[in-house]
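Reader: I have a model open and would like to go through its fold with you. Could we begin with the strands and then turn to the helices?

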Amino acid sequence: MTLRLGMHFDDLDEAYNFYNAYGKLAGFSIRKESSNRGKDGEVVWKRFVCSKEGKTDEKHWIGKELVQRRRMETRFDCKAKLQVKLDKSGGYVVSMFVPQHSHAPATPSKRFMLRSHREVPESKRQLINTYDAANVQSKQQMQVFASQSGGLDKIGFTDTDLNDYNAKKVPSFAVFSTSRLPS
């Protein structure tokens with residue numbers, strides 16, 4: 001999978017998905033950084049960066065001590081990025097590509113943990129919904145997925161992703177008719 005200047009994409013989603021797949025093979029996660037819109041509201045250019053781009057804001061540090069809760073440093077001022085701009089055909093073309101990273105890539109055994117590559121697939125969502133209807137706890141669901149997949153590292157998402165998916169669902173008991181409420 002190669003990426004080069006002048007490469008064409010039909011839309012921004014295609015560009016994001018291609019760079020994300022490229023990142024997965026290379027061992028890094030990506031995020032959307034910034035964009036610019038024209039007068040008509042259409043995105044003129046969009047920039048995707050390595051998730052380790054930037055630095056921790058200095059207001060969170062006093063000397064060498066972190067003011068807030070201590071967390072591992074995740075930003076390493078990485079300069080790797082992909083920028084696409086709108087072309088005359090209505091698609092997007094790669095206008096900037098910086099492949100060099102300021103950090104080591106994730107090992108193949110850890111790449112599934114990179115945030116932009118984690119997703120609860122539709123097939124698992126249906127099974128999660130079935131388990132939820134049967135009141136199976138999230139921890140037990142993860143154990144089932146791990147045994148089916150051959151280990152937690154082969155599921156493709158974490159227990160946090162599972163809990164986030166469950167939190168976004170609207171509970172079935174929340175849908176009711178207001179005509180039955182007392183007046």
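Reader: In what order do the five strands of the open sheet lie?
Author: In this predicted model, the order is β1-β7-β6-β3-β2, and the pairing is antiparallel. The edge strands are β1 (8-9) and β2 (30-37), each of which pairs on one side only.

Reader: Which helix packs on that sheet?
Author: Helix α1, residues 12-26, packs on it, touching β1, β2, β3 (43-50), β6 and β7. The direction of α1 makes about 15° with that of β3.

Reader: Over how many bridges do β6 and β7 pair?
Author: Strand β6 (residues 81-86) and strand β7 (residues 92-98) pair over six bridges, in the antiparallel sense.

Reader: And what is the bridge partner of K85 in β7?
Author: The partner of K85 is V93.

Reader: Changing topic: what span should the 12 residues of α3 have?
Author: At 1.5 Å a residue, helix α3 (residues 138-149) should span 16 Å, and its end C-alpha atoms are 16 Å apart, which agrees.

Reader: Which residues of α3 are buried?
Author: Q141, M142, F145 and A146 are buried. They lie on the same side of α3, because they cover an arc of only 135° around the axis. An α-helix has 3.6 residues a turn, so residues three or four places apart point the same way.

Reader: What covers those buried residues of α3?
Author: The cover includes α2 (122-133) and α4 (159-168).

Reader: Which residues are exposed on the other side of α3?
Author: S147 and Q148 are exposed there.

Technical notes
Residues numbered from 1 in each chain as written. Predicted model: local features only at pLDDT ≥ 70, side-chain atom pairs only at ≥ 80, totals over all residues. Heavy atoms only, no water. Pairing = 2+ DSSP bridges. Helix = DSSP H or I, 4+ residues; strand = E, 2+ residues; numbered from the N terminus. Contact = heavy atoms within 4.5 Å. Axes fitted to C-alpha atoms, helices over the stretch in contact; angles between N-to-C directions. Expected span 1.5 Å × (residues − 1). Buried < 20%, exposed > 50% of the residue type's maximum accessible area, 1.4 Å probe, protein only. Arc of directions from axis to C-beta.
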